[in-house]
Amino acid sequence: MSANNHASAMNLFVKKAVMPLLLGVLLFLGVSSRSEAGSKTPTLALNEDDSHFFGSRSAEQMSINGLHAFIDQYANTAVSHLFLCPNAMKASHRSQVRDAIWETGEGQKPPSDEFAKKWCGNARLLDERGLDPYAVWIVRCREKKISPWLSMRMNDVHNVDDVDNYIHSSFWRKHPDYWRVPGGGGWTDRALDYGIPEVRGHAMAYVRELLERYNPDGIELDWMRFGYHFRPGKEAEGAALLNQFMRDVRGLTRQWSAKRGHPIKLGARVPTLPDAAKGLGMDGVTWVREGLVDMLVPTPFWATTDFDIPIELWRERIGSAAKNIVLAAGAEILVRAYPAAKPIETDITSTRGFSAACLQRGADSIYLFNYMDPEPMTGGKEAYRTLLQEGLGLKSISQKTRRHVVTYRDTVAPGMSSDVVLPVDGFKGGTFRIYIGLKPKKADAFVVAGLAQADGMAQSKFEITINSKKCAAVTDCGDLSLFSGVARAVQHQCSPGSLRDGYNEVHLKQLPGEPQQKIVWVELRVVPR
């Protein structure tokens, strides 16, 4: 397409063309101006949720320039793929099969907080101006050589404790008998039950609409929002139903690939452990073996980044079919050492630590969730822009400070352990297995033990070993902003040559002399020389 024709097509937005014509032009542009980005293996993928853009911008930014500026901030960075989420229960655009976020049903409360008001108001304003943000973004991504995907949330249950909240769809409100636990009060109790044909049909209708309406490089089914899709005790049986659902969606993506003239790929987000995924009905191994997905993202739900995702186990279970897909490791923006701990936003050093371990274990890509502009991380805007510019490639990471933090699994199947190992009592001590990837050739390494506030905390001493070799006490970490619930960060330096590739075994124990302390944080820090 020539530059003049391209500019003419864009002018349709400014002239507030009617929606059908607008979408037709956008679909044409999507095919004609398709870049090579969609054919590349992701190096760094970011997920943009359904509310953030609308709730963080002014009404004046609900324009072509405002929509373009959002994409342009990722141009010429390490970001190769953007996953654009158009929905929770409702859609953040005008939909034929779902309520729009600005539409409220009978007895439903209007948004009350400022963010919600802006989300609903700005999404509606774009619609009134004849602008579909997802169509615009898909085109702009390709112009900036970023691969555009849509990411559909399959079972979002934000705020379900408030049944009349503005965020809920009429489908969910009218059918409490479709909930996983009818009458239940917990968030996941009120998720929709995919064992019910009408629930699957409701989801499939939106999949169809997304493929008919838009022209992305791929569509991702985000089964980790919120990760529980069947009645308690029926989760494992649900795998057969979701397997067939995935087959049906794959059939649709193949049809639309032929219509669009380019591949439209299919991806999925699932729990970090293969057995947890299958036990909850999300049988990612089978999906890959059957050729149903092109990208699989083992990931936590939300509570914490999981620094111990067994990528090699996924590859072992999948077998030779693994070479046909992108296996991406999913990171969250939050870090918790244990479920009851207060969360903290990750910083660039812990994101590097997560990435170093996952890439060395065989991940093809790093997928960041909730890393949304302008300053999602500890360290603010500067840290975020540094991450985007430097990326998370193994070569770059190996030359910079990184932290490997002990956390846990926030989404597991019934009967499975969440592998929670913190907190521990000081005199009892604890042993922690920390995966670091390849051991550094030229670096100093430190074990950090975070203590909760307690009498005698400042004077307490510890014995710390790594792989049975004693570590030497050094000055405490002064910056406590990198930890959660930590009043003192004890630091011991590892002896030269004590680190191993892969897992390293750290043992901590408080020495006598002061009142017993509570250890609430453990990490291994690597500082290249």
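Is strand β5 (residues 265-270) largely enclosed by the rest of the structure, or what else describes how many of its six residues are buried? 

## Strand β5 and its partner

Five of the six residues of strand β5 are buried, so the strand is largely enclosed by the rest of the structure; buried here means under 20% relative accessible area, against over 50% for exposed and in between for partly exposed, with a 1.4 Å probe and protein chains only. Strand β4 (residues 218-222) runs parallel to β5 and is joined to it by five bridges, where pairing requires that DSSP finds at least two bridges between two strands. Within this pair, Gly218 stands opposite Lys265 of β5.

## Basis of the model

The model is predicted, so local features need pLDDT of at least 70 and side-chain atom pairs count only at pLDDT 80 or more, while totals for chains, interfaces and linings use all residues. Residues are numbered from 1 along each chain as its sequence is written, and side-chain values use heavy atoms, with hydrogens and water left out.

## Overall fold

The protein has 15 helices and 20 strands, taken as DSSP runs numbered from the N terminus (helices H or I, at least four residues; strands E, at least two). Its radius of gyration is 24 Å, close to the 24 Å that the globule rule gives for 529 residues, so the protein is as compact as a globular protein of that length; the radius is taken over C-alpha atoms, and the rule is 2.2 Å times the number of residues to the power 0.38.

Of the 529 residues, 60% count as buried. Among contacts with a separation of 6 or more, 81% come from residues 24 or more positions apart, a contact being heavy atoms within 4.5 Å.
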